[in-house]
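Please keep the sequence and the model in view while reading.

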Amino acid sequence: MAHFLSQNWLLNRRHVLRGLGVSLALPLLECMRPLRAATTTDRAKRSVFIYLPNGVNTIDYQILRPGADYEFSQSLLPLEKHRANITPISGLYHPHGMGHHHNCSSIWLTGGKIGPSERNTVSVDQLMATVTAPKTRFTSLELSNQGQSLSWNADGIQLPSQGNPGVVFRELFQDPKGGVAAQRRGLERRGSILDTILEEAHSLELQLGQEDKGRLSQYLQSVREIEVRTQRADSWLDTPRPQVDPRVASQLTRDVSLERLGEYLRTVYDVIVLAFQTDMTRVATFSTGSEGKGPSVPEIGITQDRHSLSHHNANPKLMQDLTASDTFNLQQFAYFLDRLAEVKDADGPLLDSTMALYGSGMAFGHSHGNANLPIVLAGGRGIGVRHGRHLDFNTPDPTQGYEYDLRIASKHYAICQKPVNPRAHLSNLLLTMAQKMDVRTERFADSNGVISDLLA
């Protein structure tokens, strides 16, 4: 499936050839950039965040040597062919994630504090979306197969997610029934309703106490976000959607269940690649499972969910199955990188312009260890990301590395419980990525600096 598009929605030579009664499958050319997409001086930059619940079997996952001459671990071996385009990172953690157990995914992209009197903060993908949204039809994609979105808005409210790739495809590429006129009438009705809500809310605000005003303000922020998205949707109505090859459309809209996890994951990844290729959006998140469950892998004989496997209590069979599940999920991620490397826009392979962060908010699931998180950053070499090394923050100097002795499991598990380097915040990586996406900020959450080793 190297070519998703029929190309006839793009400029301009294709239209000329079709006008002469000729239909040729041309490559993506500079003159065929998507409508409203980047100019020659503004290369499209994309980011996708993919979450694996319940950590990993760290004994089989851990890379032992830092630097460029590292050897892939058993679990990470599927990524070996992408060595030049990935950076495995050890030793990062979220200070506010320590002890949060099954809420790890909630702060994976925020670094925020969560408690009875504290709500979450904005996720890094949504910061990026504030930069990219004016250039794309959709602000961002939020995908999750078990209902736990990774994305949070500026007011700390979790955004809704969709787990059915067919539904996502249809929303992206198929016009709603009734045509443009019906869509515009619907958006106008929604706009009128929002105007009424805002007007009545402002009148109500005068009668409320301070605490209730705070709650109302939070509600109004969500209403305003809907208002902005409604206005943006209206501005795109007269721009035709990309036309996708019918054979591809049938593949991406077929019913795929978690009973065939590999097929499901690859279908979601294909939808993301297509959304990036057509410049429908430049930011996406995908949670591959909830922390309280996590999908099993029936096609390779693993019937227990990831949550059950992660609480293995050193049971050899459960540990073996967890490693198999880890490896299987990373094989699907490798497929995603394959697709990003194969598919091109006017600037080259999508992998060069796309940063893909893969990992978990937990390291050692059995005891809910939240340090030494399993993290892999891939792609983005064309926008200034440096790859080809294992960065190990389990010492103050990541080039020196930590002396791992996996024969002594308790010693290894200890660094998954408590960070070796307390300054190695995951938010530093999120800040680095945000700046590469042209977010103008010097801090994100509890960051204390960028990861300079990732800068080309």
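The numbered points below go from the chain as a whole to its sheet, its cores and its salt bridges.

1. Basis of the note. The model is predicted, so to speak of local features a pLDDT of at least 70 is needed, side-chain atom pairs count only at pLDDT 80 or more, and totals for chains, interfaces and linings use all residues. Residues are numbered from 1 along each chain as its sequence is written, and side-chain values use heavy atoms, with hydrogens and water left out.

2. The chain as a whole. There are 14 helices and nine strands in the chain; helices (H or I, at least four residues) and strands (E, at least two) are DSSP runs, numbered from the N terminus. Of the 456 residues, 55% are buried. Here buried means under 20% relative accessible area, exposed means over 50%, and partly exposed lies in between, with a 1.4 Å probe and protein chains only. Among contacts (heavy atoms within 4.5 Å) between residues at least 6 apart in sequence, 71% join residues at least 24 apart.

3. The sheet. An open sheet of mixed pairing is formed by seven strands, in the order S3-S4-S1-S7-S8-S2-S9. Strands S3 (141-144) and S9 (391-392) stand at the edges with a single partner strand each, so one side of each has no neighbour in the sheet. Helix H4 (residues 124-132) packs on the sheet and touches S1 (46-51), S3 and S4 (283-287). The direction of H4 makes about 155° with that of S4; axes are lines fitted to C-alpha atoms, for helices over the stretch in contact, and angles run from 0 to 180 degrees between N-to-C directions. Two strands are taken as paired if DSSP finds at least two bridges between them.

4. Is S1 buried or exposed? Six of the six residues of S1 are buried, so the strand is largely enclosed by the rest of the structure. Arg-46, Val-48 and Ile-50 cover one side, and Ser-47, Phe-49 and Tyr-51 the other; all are buried. S1 pairs with S7 in the parallel sense over six bridges, and Ile-50 stands opposite Tyr-358 of S7. S1 also runs parallel to S4, joined by five bridges, with Phe-49 opposite Thr-285. By contrast, S7 (residues 354-359) and S8 (residues 375-378) run antiparallel and are joined by four bridges; Leu-357 has Leu-377 as its bridge partner in S8.

5. The nonpolar cores. A nonpolar core is a set of buried Ala, Val, Leu, Ile, Met, Phe, Trp, Tyr and Cys residues joined through side-chain atoms within 4.5 Å. The largest has 56 residues, and Leu-79, Ile-272, Phe-333 and Phe-336 have the most contacts inside it. Helix H9 gives the most to this core, with eleven residues. Leaving out residues up to four places away in sequence, Leu-79 touches residues that include Phe-72, Ile-86, Leu-330 and Val-376. A second, separate core of 33 residues includes Phe-49, Tyr-51, Trp-108 and Leu-431.

6. Helix H9. H9 (residues 261-277) has 17 residues, of which 15 are buried. From first C-alpha to last, H9 reaches 24 Å, close to the 24 Å expected at 1.5 Å a residue; the expected span is 1.5 Å times one less than the number of residues. Just after H9, Asp-279 takes a positive phi of about 60°.

7. The salt bridges. The structure holds 14 salt bridges, each a side-chain nitrogen of Lys or Arg within 4 Å of a carboxyl oxygen of Asp or Glu. Lys-81 pairs with Asp-338, the closest N and O atoms being 3.0 Å apart. This pair links distant parts of the chain, 257 residues apart: Lys-81 is in the loop between H2 (58-61) and S2 (86-90), and Asp-338 is in H11 (residues 316-342). Lys-81 counts as exposed, at 58% relative accessibility. Within H11, Arg-339 and Glu-342 lie three residues apart, about one turn of the helix, and form a salt bridge with closest N and O atoms 2.4 Å apart. Arg-339 is buried, at 3% relative accessible area, whereas Glu-342 is partly exposed at 45%.
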